[in-house]
There are 2 protein chains.
Amino acid sequence: MIKVKFGHRVQELRRKTGLSQEKFALLINMDRTYFASVESGKRNISIENIYKIANGLNVTMEELFRDI
Amino acid sequence: MIKVKFGHRVQELRRKTGLSQEKFALLINMDRTYFASVESGKRNISIENIYKIANGLNVTMEELFRDI
């Protein structure tokens, strides 16, 4: 469940950037299919990859986990 | 660096519970040596294990990442 909630939050914030999954993944140097599966809540993502996403979204870790 | 910051934060909150590393790890059903290495900032911990720690500490994910 935490993986699903996290995926939704990432998707919400990524959409605000106006970037597609593909473009965002490219921006943060992450495999596109891996990133898509994170948004789908399918990955037990590691803290280093979470941090990479937070940086790409220009939010703190705290903001990324808001209301999760 | 994120791993080290996270480890420090976990240690800070775990100490507030008054529990030793060993007792806290037992409480959340996590291997004691694994938990010790998380506090030492040596583990690229996954979101599910981060969540397990947050629950054991009785804090939200947002609180766990406060000021990290």
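Copies are superposed by least squares on the C-alpha atoms of residues with pLDDT of at least 70 in both. On this basis chain A can be laid on chain B by a turn of 180° and a shift of 0.0 Å along the axis, with an RMSD of 0.0 Å. The two copies are thus related as by a two-fold rotation axis. The residue of chain A that comes closest to the rotation axis is S46(A), at 2.0 Å (C-alpha).

The model is predicted: local features need pLDDT of at least 70, side-chain atom pairs count only at pLDDT 80 or more, and totals for chains, interfaces and linings use all residues. Residues are numbered from 1 along each chain as its sequence is written, and chains are lettered from A and ligands numbered from 1 in the order in which they are written.

Chain A contains five helices and zero strands, where helices (H or I, at least four residues) and strands (E, at least two) are DSSP runs numbered from the N terminus. The radius of gyration of chain A, taken over C-alpha atoms, is 10 Å, close to the 11 Å that the globule rule (2.2 Å times the number of residues to the power 0.38) gives for 68 residues, so chain A is as compact as a globular protein of that length. The C-alpha trace of chain A spans about 25 × 20 × 20 Å along its principal axes.

Buried residues make up 29% of the 68 residues in chain A; a residue is buried if 20 or more other C-beta atoms, placed from the backbone, lie within 10 Å of its own, exposed if 12 or fewer, and partly exposed in between. In helix 1 of chain A, the buried residues are F6(A), G7(A), R9(A), V10(A) and R14(A). Seen down the helix axis, these fall within an arc of 165° (that of the directions from the axis to the C-beta atoms), so they line one face of helix 1. The face turned away from this buried side carries the exposed residues V4(A), E12(A) and K16(A). Helix 1 of chain A is followed by G18(A), whose phi is positive, near 80°.

The largest nonpolar core has 30 residues, and those with the most contacts inside it are I50(A), A54(A), I50(B) and A54(B). Such a core is a set of buried Ala, Val, Leu, Ile, Met, Phe, Trp, Tyr and Cys residues joined through C-beta atoms within 7 Å. Leaving aside neighbours within four places in sequence, I50(B) is in contact (C-beta atoms, placed from the backbone, within 7 Å) with I47(A) and I45(B).

Note on methods
Two residues are in contact if their C-beta atoms, placed from the backbone, lie within 7 Å.
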